[in-house]
Amino acid sequence: MFFYTASWSLCVIIYLIPSASAYTREIFNDKPPLQERPPWLQTCKRSSPNENKCFRQLFEGCFPALAAGIPEIGVKSFEPLNIDQVSVSKGSGNLVLSGGFQNLVVRGPSNATVRSASLDLARRQLNFELELPRLRIRAKYNLKGNILLLPLVGNGDVAMALKNVRTAVYTKISLRNETLTGDEIIHIDEMKVSFQVGAMRIHLKNLFNGNEILAASINAFLNQNGNEVIAELRPDLELGLADIFHGLWNNVFSKMPTKLWLL
Ligand SMILES: *[C@@H]1O[C@H](CO)[C@@H](O)[C@H](O)[C@H]1NC(C)=O
Ligand SMILES: *[C@@H]1O[C@H](CO)[C@@H](O)[C@H](O)[C@H]1NC(C)=O
């Protein structure tokens, strides 16, 4: 009864991060970078890394290892993906909301397929697009606001399911020397993320301190108007996701010296 499964697609708004470093959650990681090429890491030509879709295959080839986690270089499992916090703050229009989601556990990232991935060292760009057929999210929420004329206030558990998520990630990179070994690594200086969601189901538990009648109407409303709700929150969510993924991907790239995969 909470589930709304009709498919719709949403327009994408590209949202630029004003200043990447001010928002990025850097991950502290004192593990040394890889010194030998693991079997899952393919190599590409430095002069033309995208030849025959080489970089795309290299990128996709890393996913099973990332999903499992690579403890020796301090890379945590991407499956499930644990995210501390995503905040929302939307002060005008049909949706007024403040608060956020905490302790998110996201299942499904390991099933991502890479639609495209390209590396351009001369233009300092590393871009990729992922398709995630299904994401299941469990989290704590703490929200207060209004949707149209309905008040929404509560905190507790939230379950979400997203279908057919497509995300495009555009980055500006630079080459740096890793601090421990001096190995050349790729560093993401700026990242912007855009996403589209095919369908969303959401269930917020303990809305209005457990008033079941008000809670049921809000949950029904959220599910019936999922596309509008996501559209309203999109700028916040895209910033939040860029913030999280910027740190995660830098943690990965900083431990994968280019000498192992760019020949
Ligand atoms: C990945 O996809 C398969 C096939 O659809 C599914 O059985 C599995 O549960 C998915 N894995 C996760 C972690 O969602
Ligand atoms: C990295 O190290 C190399 C060789 O040690 C040096 O020539 C280069 O200037 C360094 N690059 C940066 C960005 O510090």
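A salt bridge is a side-chain nitrogen of Lys or Arg within 4 Å of a carboxyl oxygen of Asp or Glu. With that in hand, welcome to a short tour of close-up views, which show a predicted model.

**View 1. Eleven is the number to remember here: the structure holds 11 salt bridges.** Let us begin with Glu51 and Lys45, whose side chains meet in a salt bridge with an N to O distance of 3.0 Å. Are these two partners buried or exposed, or something in between? Glu51 has a relative accessible area of 39%, so Glu51 is partly exposed. Lys45 also counts as partly exposed, because its relative accessibility is 44%.

**View 2. A salt bridge joins the side chains of Arg115 and Glu131.** The N to O distance for this pair is 3.0 Å. Arg115 sits in strand 3 and Glu131 in strand 4, so look for two distant parts of the chain being linked, 16 residues apart. Arg115 has a relative accessible area of 39% and is therefore partly exposed. Glu131 is partly exposed as well, with a relative accessible area of 25%.

**View 3. Asp189 and Arg176 meet through their side chains in a salt bridge.** Here the N to O distance is 3.8 Å. Which parts of the chain does this pair tie together? Asp189 belongs to strand 6 (residues 184–204) and Arg176 to strand 5, so the pair connects parts that lie 13 residues apart in sequence. Arg176 counts as partly exposed because its relative accessibility is 40%. While we are on this topic, Arg115, Glu131 and Arg166 are joined into one network by salt bridges that share partners.

**View 4. Six residues with positive side chains form a surface patch: Arg107, Arg134, Arg136, Arg138, Lys163 and Lys205.** Which strand gives the largest share of this positive patch? That is strand 4 (residues 125–147), with three residues. Lys163 has its place in strand 5 (residues 150–177). Because its relative accessibility is 38%, Lys163 counts as partly exposed.

**View 5. Phe59 and Phe63 make an aromatic pair, and the structure holds nine such pairs.** A pair of aromatic rings is described by the distance of the centres and the angle of the planes. For Phe59 and Phe63, the ring centres are 5.6 Å apart and the planes stand at 65 degrees, so the pair is edge-to-face. The step to that name is a simple cut-off: planes over 60 degrees apart count as edge-to-face. How accessible is each of the two residues? Phe59 is buried, because its relative accessibility is 4%. Phe63 has a relative accessible area of 10%, so Phe63 is buried as well.

**View 6. One aromatic cluster brings together Phe and Trp residues.** Its members are Phe55, Phe59, Phe63, Phe78, Phe128, Trp249, Phe253 and Trp261.

**View 7. The peptide bond from Glu79 to Pro80 is cis.** Most residues other than glycine have a negative phi, and most peptide bonds are trans. Keep that in mind for this view and the next two. The omega angle of the Glu79 to Pro80 bond is near -5 degrees. Where does Pro80 lie? Pro80 is in the loop between helix 3 (63–68) and strand 1 (81–90).

**View 8. Arg124 has a positive phi although it is a residue other than glycine.** The phi value is near 60 degrees. Arg124 belongs to the loop between strand 3 (113–120) and strand 4. With a relative accessibility of 36%, Arg124 counts as partly exposed.

**View 9. Asn164, too, is a residue other than glycine with a positive phi.** What is its phi? The angle is near 50 degrees. Asn164 is found in strand 5. Its relative accessibility is 44%, so Asn164 counts as partly exposed.

**View 10. Ala168 is a buried residue in strand 5.** Why does Ala168 count as buried? Its relative accessible area is 8%, and buried means under 20%.

Key. Residues are numbered from 1 along each chain as its sequence is written. Chains are lettered from A and ligands numbered from 1 in the order in which they are written. This is a predicted model: local features need pLDDT of at least 70, side-chain atom pairs count only at pLDDT 80 or more; totals for chains, interfaces and linings use all residues. Side-chain values use heavy atoms; hydrogens and water are left out. Patches are made of residues with over 30% relative accessible area and no salt bridge: like charges are joined within 9 Å, nonpolar side chains (Val, Leu, Ile, Met, Phe, Trp, Tyr) within 5 Å. Accessible areas come from the Shrake-Rupley method with a 1.4 Å probe; for residues, only the protein chains shown count as cover. Lys and Arg count as positive and Asp and Glu as negative; His and the chain ends are not counted. The place of a charge is taken as NZ of Lys, CZ of Arg, CG of Asp or CD of Glu. Helices (H or I, at least four residues) and strands (E, at least two) are DSSP runs, numbered from the N terminus. Buried means under 20% relative accessible area, exposed over 50%, partly exposed in between (1.4 Å probe, protein chains only). Rings of Phe, Tyr and Trp (its six-membered ring) pair if their centres lie within 6.5 Å; planes under 30 degrees apart count as stacked, over 60 as edge-to-face and the rest as tilted.
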